[in-house]
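The stops below follow one another as selections.

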Amino acid sequence: MKYFITTPIYYVNDAPHIGHLYTTLAGDILVRYHKLIGDDVYLLTGTDEHGAKIAEVAEKKGIEPKEFADQISAQFKSLWAKYDVKFDRFIRTTDADHEITVAEFLTKLKEKDFIYKGEYKGLYCRGCESYKKQSELVDGKCPDHNRVPEELSEPAYFFKLSQFKSQLIELIKCNALLIQPEIRKNEVLSFLQGQELEDVAISRQNVAWGIPLPWDNKHTIYVWVDALINYYTAAKEKNLWPADLHLMAKDILRFHCVIWPAMLIAIGEKPPKSVFVHGYFTIDGQKMSKSLGNVVDPDKLLEQYPRDVIRVFLFKAFPFGSDGDFSFDLLKEFYNGQLANELGNLVQRVLTMVKNYQNGVITKPKDIDPTFEIDKVSETWSLWKSSLDNLQFELGLKAIWALIKYANQYIDDNKPWGLAKSDSEKLAIVLYNLTEVIRHLSILLLPYMPDTASEISNRLGIKLQEDLLVDKQNWGVLKDGTKIELSEALFPRRG
Ligand code: ME8
């Protein structure tokens, strides 16, 4: 089954931060999951490079906007390599095929009579790159950017968004455009139902850094219209439209659930199938902002912890659709507790016992231990699947950790060190159960912790195939005579 996932394309006015990392990792987790279940998955990410904001920052730095965009875009791309993000395309809005697609898209809108020329009079926040109403300001400033918006009065071309109100409401109500979590769906619906939809200006006369309007090159295309079309550009190349899932945070919900589907319907295309809106990070309880100096740099995080630790922490810490707090203290506590003491300790204890009591060779017993609850493993698989299908990552991770706890408890209850002296048959059964649990864990953890998954598999003497789940969920796959490898602890405790 084809499954086309997108992240937002990020602005290149500044270096990547933990928020960008979060959304992109979610995409990568889903890619790895869909590969495992045999889907033909495609992940799109990239950078949003045009517009007044980027031009302004480049000018301050004394370089051309494109040169500046090249630098920051390269930072995003190299960051994704460091976190092993498996994207299929990294799109840039300065890519030639995108510029062509945008021009074609706008030409279609015009031909279908959804564009007219008028005069835009009003406010514009460069931080959001969006038109603002007086009622959206706090003390005369944009609340998100703490910046007084510019007053614009200029000729502009408009898209007849107002014509799409009832179609959009219908689409969202019946989940043909599924917006999750429910609270975000209700937010969009109450926005749409609460007022008349206004037409939206889709061109700027005084912003040179953009794609020219195909029929009037005195205007460039409004950066959000340019940016949203990126999904369509990439899809066209591979015949992927409609997108199955657009990932994002709540800041850009309306662009994706109002303007974007309307633009698509207007040219006779299908809207995206679903949009998932995750929460916002705060840092030590405070809003993350440059002025507070608390922006978390994903590159710096990697200087302190391996990428798997960061990946799993971010998704276990709080539900994907809710706001949550990041702090280095919480990260360290998670590392020492759930990684070193629980997961790492389980793997190390079990492999050490196989090494010490069975010469490092797994024996597959004929008998079973009736006290061992194999159901716990199959239950974990079903929670794993439903949580990944519904983007409830932390629920799936909780289930995995419950299995880890169960296995640690099983060791304490059975005391293999005692069995080694008295009952070698029971010992073989107990150690086989434990090594099998570890094997299952390596696959369950794969979408979240790919390095750890392959490390555990290597130590178990099996090769981890990332693309197929078939049979791996069964019990008893580890073969008699498999040689394990004992090595350093996976997550050495930190002081
Ligand atoms: O909006 N917590 O780009 P952008 C969690 N170019 N996620 C966060 C976050 C936070 N504190 N801050 C940012 C743009 N994000 C446009 C998008 S798409 C056609 C154009 C993440 O660089 C989150 O995914 O401001 C959010 O939606 C996105 O970064 C905004 O990135």
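Which residue in E3 stands opposite Thr-45? Select Thr-45 and look across to E3: the residue there is Phe-90.

Before going further, note that this is a predicted model, in which local features need pLDDT of at least 70, side-chain atom pairs count only at pLDDT 80 or more, and totals for chains, interfaces and linings use all residues. Residues are numbered from 1 along each chain as its sequence is written, and side-chain values use heavy atoms, with hydrogens and water left out.

**Stop 1: strands E2 and E3**

Show strand E2 (residues 40-48) together with E3; the two pair in the parallel sense over four bridges. Strands (E, at least two residues) and helices (H or I, at least four) are DSSP runs numbered from the N terminus, and two strands pair if DSSP finds at least two bridges between them. Now show the side chains of E3 (residues 89-92): Arg-89 and Ile-91 point one way, Phe-90 and Arg-92 the other. In a regular strand the side chains alternate between the two faces of the sheet. All four of these E3 residues are buried, where buried means under 20% relative accessible area, exposed over 50% and partly exposed in between (1.4 Å probe, protein chains only).

**Stop 2: the ligand**

Select the ligand and the 24 residues around it; Ile-9, Thr-23, Asp-48, Asp-251 and Phe-281 come nearest.

- From a polar backbone atom of Ile-9: 2.8 Å.
- From a polar side-chain atom of Asp-48: 2.7 Å.
- From a polar backbone atom of Phe-281: 3.0 Å.

On its own the ligand has 670 Å² of accessible area, and the protein covers 94% of that. Such areas come from the Shrake-Rupley method with a 1.4 Å probe; for residues, only the protein chains shown count as cover.

Colour the shell by element next. Those giving two or more residues are strand E1 (2-11), helix H1 (18-36), helix H7 (223-228), helix H8 (230-238) and strand E12 (245-249). E1 gives the most, with four residues. Coloured by residue class, the shell divides into 14 nonpolar, eight polar and two charged residues. In this count Ala, Val, Leu, Ile, Met, Phe, Trp, Tyr, Cys and Pro are nonpolar, Asp, Glu, Lys and Arg are charged, and the others, Gly among them, are polar.

**Stop 3: from Phe-281 into a sheet**

Stay on Phe-281, which stands opposite Gly-324 in E16. Strand E14 (residues 281-283) and E16 run parallel and are joined by three bridges.

**Stop 4**

Zoom to Gln-180 and Pro-181, which are joined by a cis peptide bond with omega about -10°. Pro-181 is in the loop between strand E7 (178-180) and helix H6 (182-194). A cis bond also runs from Trp-241 to Pro-242, with omega near 5°; Pro-242 lies in the loop between H8 and E12.

Next select Asn-175, in the loop between helix H5 (165-173) and E7. Asn-175 is not a glycine, yet its phi is positive, about 65°. Its relative accessible area is 35%, so Asn-175 is partly exposed. Asn-359 likewise has a positive phi, near 55°. Asn-359 sits in the loop between helix H12 (328-358) and helix H13 (375-389) and counts as exposed at 65% relative accessibility.

**Stop 5: Glu-436**

Leaving out residues up to four places away in sequence, Glu-436 touches Asn-474, Trp-475, Gly-476, Val-477 and Leu-478, where contact means heavy atoms within 4.5 Å.

**Last stop: the whole chain**

Zoom out to the chain, which has 17 helices and 16 strands. Its C-alpha trace spans about 90 × 45 × 40 Å along the principal axes. Of its 495 residues, 55% are buried.

Notes: Near = heavy atom within 4 Å. Polar contact = N/O pair within 3.5 Å; in protein donor to acceptor, adjacent residues only side chain to side chain.
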